[in-house]
2 protein chains.
Amino acid sequence: MVSEKMKTFMSGNSAIRAMFEEGKKMAKIYGPENVYDFSLGNPSVEPPKEVNEAAIKILQQTAPNALHGYPNNSGFEDVRLFLAQRSNRLHGTDYNERNYVITTGAAAALNIALKVILDPGDEVIVFAPYFGEYNNYVRNYDGVVVPILSDTSTFQPDIASFEQKITDKTKAVIINTPNNPTGVVYSEETLKAIADILNKKSAKTGRPIYIISDEPYRELVYDGIKVPFVPDYYNNTFIAYSYSKSLSLPGERIGYVCVNSAADGFDDIVSCLNVANRICGFVNAPTLWQKVIPYCADLKVDISVYEQNRKDLYNMLTELGYECVKPQGAFYMFPKTLIADDKEFCNAAKEFRLLIVPGSSFGCPGFTRISYCVSHDTVINSYDSFKALKEKFSK
Amino acid sequence: MVSEKMKTFMSGNSAIRAMFEEGKKMAKIYGPENVYDFSLGNPSVEPPKEVNEAAIKILQQTAPNALHGYPNNSGFEDVRLFLAQRSNRLHGTDYNERNYVITTGAAAALNIALKVILDPGDEVIVFAPYFGEYNNYVRNYDGVVVPILSDTSTFQPDIASFEQKITDKTKAVIINTPNNPTGVVYSEETLKAIADILNKKSAKTGRPIYIISDEPYRELVYDGIKVPFVPDYYNNTFIAYSYSKSLSLPGERIGYVCVNSAADGFDDIVSCLNVANRICGFVNAPTLWQKVIPYCADLKVDISVYEQNRKDLYNMLTELGYECVKPQGAFYMFPKTLIADDKEFCNAAKEFRLLIVPGSSFGCPGFTRISYCVSHDTVINSYDSFKALKEKFSK
């Protein structure tokens with residue numbers, strides 16, 4: 001009935017989604033205001049009002065078949081050109097529409113990039129903690145994930161360990177900055193060090209290793225932090241982007257993959273991405289949302305809400321005695337659990353109606369992810385629960 | 001750079017899409033009114049006006065985060081329940097929301113169904129001529145397509161050959177009715193015969209064989225033809241559906257996969273489809289278009305336009321001496337080519353600014369697909385070109 005292969009995917013099924021479903025059940029029992037659900041990265045801030053305005057305007061003013069018909073599998077050419085020109089303006093690149101494939105979110109962007117470059121057995125390095133879906137995406141193409149634990153005092157990648165783990169089978173490195181689940185932004189130094197090592201290794205083997213930079217949180221940064229633009233540091237770069245977080249549109253599935261012009265095999269790669277988008281079954285990104293991009297690409301949600309949550313939650317947790325690296329971006333915090341067994345810890349948290357995700361789901365046991373894309377009240381009102389949880393494990 | 005595996009996908013890249021791009025170039029040279037582009041199944045009839053009205057109303061009246069946030073990976077529960085109740089009303093089924101996963105079109109529906117059931121080496125039977133993308137979708141999961149040529153005098157499946165080709169590795173049969181590229185609707189007799197053989201074989205091996213019924217053209221039928229409902233004939237059925245054709249929304253990527261309640265392993269299958277939707281990178285179908293479904297599921301485009309094209313094109317071609325099975329649905333016609341080499345024939349057709357696709361792309365050489373989802377003028381004005389093409393090969 002169900003394939004053996006699919007069964008292996010099911011066994012690693014997402015703890016996050018399971019908790020999300022559990023949260024909904026608990027909300028029914030205790031009332032939603034009494035459940036502190038920090039489990040899912042579902043944006044709580046509304047999209048800028050211009051998003052719906054643009055969608056309505058497009059629906060009213062575009063010839064229906066031009067709007068709703070099949071575009072090129074890579075997306076509308078004018079929208080891709082818009083993205084290229086925007087990048088050229090912001091980052092001094094030399095991109096044109098060929099650098100872009102518009103995708104049904106970053107998940108599709110990552111999948112078609114991996115489809116295009118991975119042969120069975122190829123290795124993909126990820127820096128733990130990392131978004132657990134990378135395991136599935138890499139396995140979709142029979143690749144092998146090679147996780148490297150970051151320095152947990154900063155959550156910057158461990159460069160020495162990285163250098164050691166690169167093999168002749170390494171085909172790609174996925175980076176995710178600002179990071180889910182830590183909120184850390186990789187520094188220029190980190191990117192330079194990664195690039196140096198990759199250039200050195202590629203020069204030796206003659207085989208390019210690609211960085212796939214997963215950047216859905218690029219716009220969500222605090223304290224004036226700048227997120228380095230990866231192609232400035234490394235030629236063989238794919239950028240996977242999504243408007244899910246910057247415009248609070250995760251349900252609509254709109255994003256893109258961008259291939260740096262200087263990437264080895266650029267022409268073949270962009271041809272293959274176009275075909276991969278089709279044959280993986282995405283076909284093309286939803287056309288209405290493609291058309292919305294030029295109206296809204298420079299906008300972002302009101303991140304002051306997340307910033308306030310970050311500040312209050314961070315202060316609250318550290319004051320209560322939790323250890324935590326202060327996040328610089330995204331809407332996640334990744335404190336240490338008070339016992340080594342993070343699964344047991346997160347299970348115990350449910351007693352106090354706290355839903356938080358074990359670090360193990362991100363390849364980093366001994367920590368827990370708290371998604372603070374919730375109402376400010378949820379943050380404030382969770383104080384007693386985090387306090388009780390602390391006390392439980394301080395006895 | 002590009003993987004060896006991806007290269008094999010590129011070599012079989014779609015002749016249809018290549019022709020579509022060629023058509024755009026020819027239109028620039030000769031003027032669009034002088035190019036008779038019958039290459040792509042891009043709907044020419046506008047969506048019912050209620051579609052955009054519903055989308056605008058939903059955008060105006062729904063809380064933005066409830067509309068644009070992450071739903072369950074299977075889709076909004078209320079929309080799935082709506083689909084179930086609609087099926088129960090129309091087909092007397094006993095479905096509920098669990099039978100449905102809303103997908104980014106039928107392509108995603110087919111991909112997640114195949115992801116869930118196929119192990120490497122499993123065989124999937126298709127009846128030629130068939131939509132060439134099935135080759136890619138099956139190969140995405142390392143399955144093997146087993147094509148069986150239909151009776152070309154009727155384009156109903158060849159049942160004797162079907163029975164012979166089932167092996168211990170057969171896991172699924174993809175049927176597509178109304179059919180792309182022939183426009184033929186499989187008869188009740190055909191479905192009964194297929195079901196009988198599958199039941200007999202499964203009983204012998206104890207291994208279920210699933211029918212995946214790809215039905216994007218269900219609503220596009222003529223002369224009062226009824227399209228049989230496959231679960232009435234066979235328990236182990238998946239239905240892959242799309243609103244691409246019935247509502248002319250191919251760019252928006254909205255459809256569903258429905259699993260029949262009596263299918264073997266129903267509970268496991270629906271759990272796996274939910275997860276497969278996520279891990280394949282679809283995550284969920286675009287939420288705005290999910291919400292449009294309950295407003296528009298009973299509507300369809302004005303098919304009188306396609307019907308007129310069908311009649312006039314069929315009369316024109318047969319009068320000119322082309323041999324063709326009269327289509328009962330969809331917007332395709334599949335006449336015999338005037339020489340055995342269909343690729344050469346379609347190439348020659350370009351001389352007369354006719355863009356038609358070789359039957360080889362559908363696993364059926366010696367024929368050509370004509371997509372008549374074009375303006376009525378295109379059909380009428382193509383007369384001289386089809387006449388000249390006929391004359392060229394009658395000398």
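A nonpolar core here is a set of buried Ala, Val, Leu, Ile, Met, Phe, Trp, Tyr and Cys residues joined through C-beta atoms within 7 Å. Buried means that 20 or more other C-beta atoms, placed from the backbone, lie within 10 Å of a residue's own. The largest such core has 243 residues. Ala113(A), Val257(A), Ala113(B) and Val257(B) have the most contacts inside it.

This is a predicted model: local features need pLDDT of at least 70, side-chain atom pairs count only at pLDDT 80 or more, and totals for chains, interfaces and linings use all residues. Residues are numbered from 1 along each chain as its sequence is written, while chains are lettered from A and ligands numbered from 1 in the order in which they are written.

Look at Val257(B). Leaving out residues up to four places away in sequence, Val257(B) touches Val101(B), Thr103(B), Ala109(B), Ile112(B), Ala113(B), Phe238(B), Ile239(B), Ala240(B) and Leu273(B). Contact means C-beta atoms, placed from the backbone, within 7 Å.

Now the two chains. The same surface serves both copies, since 100% of the contact residues of chain B recur in chain A.

The contact between the chains takes 63 residues from chain B and 63 residues from chain A. Several helices of chain B each supply at least two residues to its side, among them α1 (4–11), α3 (49–61) and α10 (266–279). Helices are DSSP runs of H or I, at least four residues; strands are runs of E, at least two. α6(B) gives the most, with eight residues. The side of chain B divides into 34 nonpolar, 19 polar and 10 charged residues. Nonpolar covers Ala, Val, Leu, Ile, Met, Phe, Trp, Tyr, Cys and Pro; charged covers Asp, Glu, Lys and Arg; the others, Gly among them, are polar.

The contact takes 30 residues from domain 1 and 35 residues from domain 2.

Note on methods. Two residues are in contact if their C-beta atoms, placed from the backbone, lie within 7 Å. A residue is buried if 20 or more other C-beta atoms lie within 10 Å of its own, exposed if 12 or fewer, and partly exposed in between; C-beta atoms are placed from the backbone.
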